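This report describes selected features of one protein model, from its loops and strands to its aromatic rings and helices.

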Amino acid sequence: MRQPKPNFSILVNWRAKGFGCAKACSHCSWRESPFLPHGMQAKEAISNFVDKCNKSFITISGGGDPLYRFDEHYQQLLSMIRIIKDHGLKVRIITREVQHIAKLRGVVDYFSISLDADVLDAIQHYRHEWEGLHIEYSLVLPALPTSDIATLKPQYLALYRRLGQRLVLRENLFSIFPLDFAELSFGHSGIVFVPKVLCLSSRYLSIVDCTGYELMQDTERLAEYLMNEPNLHLFGGFAKHLINPRLHSNFSDIDVIASSTDVIDNLERDFAFTFKDVSPSPASYPRYFTGKSTRAGKTIHLILVKFPSDTAKFINAAQYDADRVSYSAGEYHFDSIIGETAIRHAINSKCVSRIGDDRDLSLFTINRPAVEQRHKIKLLRKGFTINE
């Protein structure tokens, strides 16, 4: 696939505090990013950024939604648009706030509407106002391998026919699976794919002028390191995602057990993480860390043990059978007492069973009952059936 020139995008977040978007999408990269702007960026910074653009248009995008609380923030948006147009460039807006699109007729040149179920329903009420506007629809792909996404092509084709305008399918920035776009092509320009490398290589104005690689975590590259590092084991939602990515398409964070501090050093050096020790006390063992990157992406919860044998001891004391598996250096490690077949069945059926009370809890903290209760609630919210 021929790669176009990198886009130039201005991230907006009109709220002085908080996040200016009415949605809470699982693929959102911005809500907690340290690069997220708050309020209007300086006009000089906007002008300097726009002046570097080597394309015919500038995109105004999230951060927050550019049309969030439209009446309240319209003057700020209009000021930004004027700066762009004073440089002779066109303006593209990415938004979910479809009720305001028609108000920008003659002001904005291109609209990209980010789709979800609520937006699809709302489109039918407003699209009669959009005659003559240049509109495309954008949908983030699920975080799945190529073979799984290929099975969804008939659904995307039906969606394109329903909408009647160009459909842009964006590779999920949180996906750990490389996509073969040659196998996914529809053979026409009505449905196009945007690879995440385009987003990662593009230029952004947030609180600084930078590239996507500086702003966003390359989750595929991060996963490649985590999945091949022999001194760590991945467990929890990430392990379930590896076993059945279609059924467990989202993982909220990354759970890791490491047997060497080299893991922390590598993550800090290569992926811009900072780790905070959140262990219950200075003397407690194992040590617990929470890692956050300056690049928008997943949080890592890391447990540091002294001996590799303690990894299996920790995993094999989990409360439910579906959690008794880890992945390290290309191999799964299943609790031999429960067995691989039973654990895979629990994960693939989303029907888990609680293991008896004779578990070895010596590596768990004293607040383990509260942790396990929260985990149970998470499983129920994700549609699991639990056999107590």
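Helices and strands are taken here as DSSP runs numbered from the N terminus, a helix (H or I) having at least four residues and a strand (E) at least two. In these terms, Lys350 is placed in the loop between α12 (340-349) and β17 (351-353). The structure is a predicted model.

**Backbone features in loops**

Lys350 is not a glycine, yet its phi is positive, at about 55 degrees. With a relative accessible area of 17%, Lys350 falls under the 20% limit and is therefore buried. A positive phi, of about 45 degrees, is also found at Arg69, again not a glycine. Arg69 belongs to the loop between β2 (57-61) and α2. Its relative accessible area is 45%, and Arg69 is partly exposed. A further loop, between β12 (273-277) and β13 (287-293), contains Pro286. The peptide bond joining Tyr285 and Pro286 is cis, with omega about 0 degrees.

**The nine-stranded sheet**

Nine strands form an open sheet with mixed pairing, in the order β7-β6-β5-β4-β3-β2-β1-β8-β9. At its edges stand β7 (191-194) and β9 (209-211), each of which pairs on one side only. From one strand to the next, the twist averages 25 degrees. Strands of a sheet pair through backbone hydrogen bonds, in either the parallel or the antiparallel sense.

Within this order, β4 may be followed through both of its neighbours. Strand β3 (residues 90-95) pairs with β4 in the parallel sense over four bridges. Strand β4 (residues 110-114) also runs parallel to β5 (residues 135-140), and four bridges join the two. Phe111 in β4 is the bridge partner of Ile93, and Phe111 has Ile135 as its bridge partner in β5. Ser114 stands opposite Ser138 in β5. Strand β4 is mostly covered, four of its five residues being buried.

**Aromatic pairs**

The whole structure holds twelve aromatic pairs. A pair of aromatic rings is described by the distance of the centres and the angle of the planes. Two of the pairs are set out below.

| Pair | Centre to centre | Angle between planes | Class |
|---|---|---|---|
| Phe181 and Phe193 | 5.7 Å | 55 degrees | tilted |
| Phe238 and Phe251 | 5.1 Å | 65 degrees | edge-to-face |

Because Phe181 lies in the loop between β6 (167-170) and β7, and Phe193 in strand β7, their pair ties together parts that are twelve residues apart in sequence. Both Phe181 and Phe193 are buried. Together with Phe186, Phe181 and Phe193 form one aromatic cluster.

The planes of Phe238 and Phe251 stand at 65 degrees, which is over 60, so the pair counts as edge-to-face. Phe238 lies in helix α9 (residues 237-243) and Phe251 in the loop between α9 and β11 (254-258), so this pair links parts that are 13 residues apart in sequence. Phe238 and Phe251 are both buried.

**The contact of two helices**

The axes of helix α1 (residues 43-51) and helix α2 (residues 70-86) come within 9 Å and cross at roughly 35 degrees. The crossing of α1 and α2 is right-handed. Which residues meet in this contact? From α1 there are Lys43, Ile46, Ser47 and Val50, and from α2 there are Ser79, Met80, Ile83 and Ile84. The residues of the contact of α1 with α2 comprise five nonpolar, two polar and one charged.

Key. Residues are numbered from 1 along each chain as its sequence is written. This is a predicted model: local features need pLDDT of at least 70, side-chain atom pairs count only at pLDDT 80 or more; totals for chains, interfaces and linings use all residues. Side-chain values use heavy atoms; hydrogens and water are left out. Axes are lines fitted to C-alpha atoms, for helices over the stretch in contact, and angles run from 0 to 180 degrees between N-to-C directions. A crossing is left-handed if the near helix is turned anticlockwise from the far one by less than a right angle, and right-handed if clockwise. Contact means heavy atoms within 4.5 Å. Ala, Val, Leu, Ile, Met, Phe, Trp, Tyr, Cys and Pro count as nonpolar, Asp, Glu, Lys and Arg as charged, and the others, Gly among them, as polar. Two strands pair if DSSP finds at least two bridges between them. Rings of Phe, Tyr and Trp (its six-membered ring) pair if their centres lie within 6.5 Å; planes under 30 degrees apart count as stacked, over 60 as edge-to-face and the rest as tilted. Buried means under 20% relative accessible area, exposed over 50%, partly exposed in between (1.4 Å probe, protein chains only).
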